[in-house]
Amino acid sequence: MTGRSGEVLVFAESRETCLELLGKAREIADTLGAQVDVALFGESTAAWAHELGGWGADRLYTVEDPRLAGFSVGPYTDALVELLKRTGPSVALFAATKQGAEMAPRVAARLGSGCVSSCVDVRVDPETRCVEAQAMIYSGRGVATYLVKKNPAVLLAVPNTFARKACGARGLEVVAFQPTISDQRVQTLEVRPRATEGRRLEDARVVVDLGQGVREADGLTMAQELADLLGGQLACTRPVSSERGWFPEWLGLSGKRVSPRLCIALGVSGAIQHIIGIRGSEFIVAVDNSEDSAILTQSDFGVVADLHEFVPALVEVIKARGLRLA
Amino acid sequence: MKIAACVKYSLDVAEIRVDVPTRKLLLTGVPRKLGNVDKNVLETAVMLKEAHGGSVHALGFGPPEAKDALLREALAMGADEAVVVVDPFDGGLDPSATAAVLASALARMGGFDIVVCGEASDDDSTYQVGPRLAESLGWPQVAYVRDIAVEGGCVVAERDVGAYSERVSVPLPALITVTEETNTPRRPTLMDVLKAKKKPLALWELEADLGITPASLQEAATVKQLGSEAVIVSRRQTVLWNKPASDLARELVELLVQEGVLEGHDP
């Protein structure tokens with residue numbers, strides 16, 4: 001191993017989340033005059049890893065091991081804890097995905113470190129290396145500032161929060177790391193990937209968000225027509241996802257967060273746990289049959305109507321005027 | 001099989017109000033209840049007991065009032081015993097402290113085969129306590145379990161990881177976390193509640209019962225909250241109503257055109 005280890009380590013779960021975390025990691029490292037490490041595990045090193053130098057990484061630690069072929073908390077925790085002990089950064093950044101959230105606290109527990117969930121910002125004191133993290137609390141009702149008392153500060157960053165930043169060509173040092181992996185108690189018997197449409201909801205410019213107020217029989221077709229007309233994508237609340245099986249994923253605190261130009265919420269009640277998923281939208285239109293619905297206070301334009309009458313009327317007006325998203 | 005169900009007497013987050021001028025979160029007087037996911041925790045534990053025999057022990061770290069919720073919910077749903085370890089900091093410490101207290105209480109109760117937790121609490125939602133507790137116990141964990149069976153000393157579980165789902169097997173003892181989708185919690189009847197009153201329900205003190213001094217717990221906390229403020233949402237809140245759908249549609253479209261969200265295009 002050559003050179004000085006980084007002060008910030010990014011755990012690369014996927015290319016998308018890694019580039020976002022690198023944007024923040026680079027910013028922190030620059031204030032410290034320090035370097036950024038990335039940890040990437042797998043049976044072999046993903047091809048995209050070699051472009052990470054252009055996104056702010058100084059060093060890439062790869063662990064190539066058949067036991068890390070699929071994500072499993074036990075072996076991944078073993079490998080990452082050993083790497084963090086070796087490199088001793090002030091901050092270890094994870095994406096607050098389901099995988100991140102089951103692994104990062106366990107890594108922190110083994111290191112005796114502090115862990116902050118749902119982070120939206122991070123600051124490291126250049127003198128003391130004290131880490132302060134801002135995180136969402138109470139389903140996004142508030143933001144709290146935390147001082148991490150024991151480094152490395154293990155931080156779970158909310159996806160879609162930090163911006164990726166291209167850094168120009170930078171040398172990326174690649175270091176093959178070989179940890180001791182002992183925890184293999186959980187055996188994976190079968191993995192079933194979800195069918196994806198190929199378009200990321202996070203990239204959608206229009207999102208039509210379906211709540212329980214949408215009729216089961218014909219609501220989906222109606223909403224799809226509206227989404228197609230505006231070049232948008234459909235999404236839903238957690239209860240709709242779990243009870244109707246229309247979509248495997250949902251928007252909200254425990255699901256995805258989107259930031260389209262326009263979000264049209266249909267029959268969505270407006271529970272705070274869901275609102276946090278659409279709060280980043282530039283404009284929110286809500287359609288609900290109750291004038292007391294909480295969603296109306298969270299929207300730019302609210303429509304109190306039977307959405308099964310209103311949406312076809314809306315489609316008709318948009319078509320008649322030949323409108324599209326500006 | 002000895003089964004632990006770790007539950008939380010949570011703040012009802014929907015009831016948290018905001019003082020807009022000061023950006024303060026108004027937490028005083030916010031009602032508390034056993035969290036939604038905690039009922040799925042209890043349902044999972046009781047179903048395991050019904051399928052494999054044994055006993056269910058509900059455990060929480062919280063205020064003394066949690067006792068009543070544990071009686072009406074946990075014991076009435078079918079837990080055999082409930083223990084509340086009284087939190088002198090009333091939720092003010094970090095998840096590492098909660099995990100340390102739960103681990104200590106589980107050790108005192110002794111001999112568990114499986115510990116069931118919610119994926120995250122209703123109010124703090126850190127997702128940390130389950131994994132941290134598993135690490136304290138030195139046990140493997142299986143998070144986000146949708147379906148579970150115990151076969152030949154192993155847990156076989158179906159779990160949902162977002163981008164994919166998988167079936168895993170892990171030898172007992174193990175910790176699992178469940179979600180609101182895992183099952184439909186049973187609703188206890190009045191008779192269940194009356195029967196529950198005969199079951200053991202204890203309040204434990206940190207120092208007297210677990211030998212943990214509040215000062216040492218505070219000292220060991222790895223994260224300290226410095227402050228918080230409300231997120232103020234300022235949407236226009238323009239509401240259109242009381243007209244035929246076609247009129248409302250025309251009005252909405254006009255507003256979206258005025259705001260530059262929609263525009264005409266030449267066919």
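Among the contacts in chain B that join residues at least 6 apart in sequence, 70% link residues at least 24 apart, and this figure, like every value below, comes from a predicted model. Chain B comprises 8 helices and 16 strands, its C-alpha atoms occupy a box of roughly 70 × 45 × 40 Å along the principal axes, and 45% of its 267 residues count as buried.

B:Ala69 sits in helix α2, which covers residues 66–77 of chain B, and it counts as buried because 22 C-beta neighbours lie inside 10 Å, where the cut-off for burial is 20 or more. Once its neighbours within four places in sequence are set aside, B:Ala69 is in contact with B:Tyr9, B:Lys33 and B:Leu34. B:Ser96, by comparison, is 27 residues from B:Ala69 in sequence, and their C-alpha atoms are 24 Å apart in space.

In chain A, attention turns to helix α1, residues 15–32, whose 18 residues should span 26 Å at 1.5 Å a residue; the C-alpha atoms at its ends are 25 Å apart, which agrees with that expectation. Several residues of α1(A) are buried, including A:Cys18, A:Leu19, A:Leu22, A:Ala25 and A:Ile28, and the buried set also holds A:Glu20, A:Lys24 and A:Arg26. The buried residues of this helix pack against five strands of chain A, namely β1 (8–11), β2 (36–42), β4 (91–95), β5 (115–124) and β8 (153–157). Just after α1(A) comes A:Gly33, which adopts a positive phi of about 60 degrees.

Terms used. Residues are numbered from 1 along each chain as its sequence is written. Chains are lettered from A and ligands numbered from 1 in the order in which they are written. This is a predicted model: local features need pLDDT of at least 70, side-chain atom pairs count only at pLDDT 80 or more; totals for chains, interfaces and linings use all residues. Helices (H or I, at least four residues) and strands (E, at least two) are DSSP runs, numbered from the N terminus. The expected span of a helix is 1.5 Å times one less than its number of residues. A residue is buried if 20 or more other C-beta atoms lie within 10 Å of its own, exposed if 12 or fewer, and partly exposed in between; C-beta atoms are placed from the backbone. Two residues are in contact if their C-beta atoms, placed from the backbone, lie within 7 Å.
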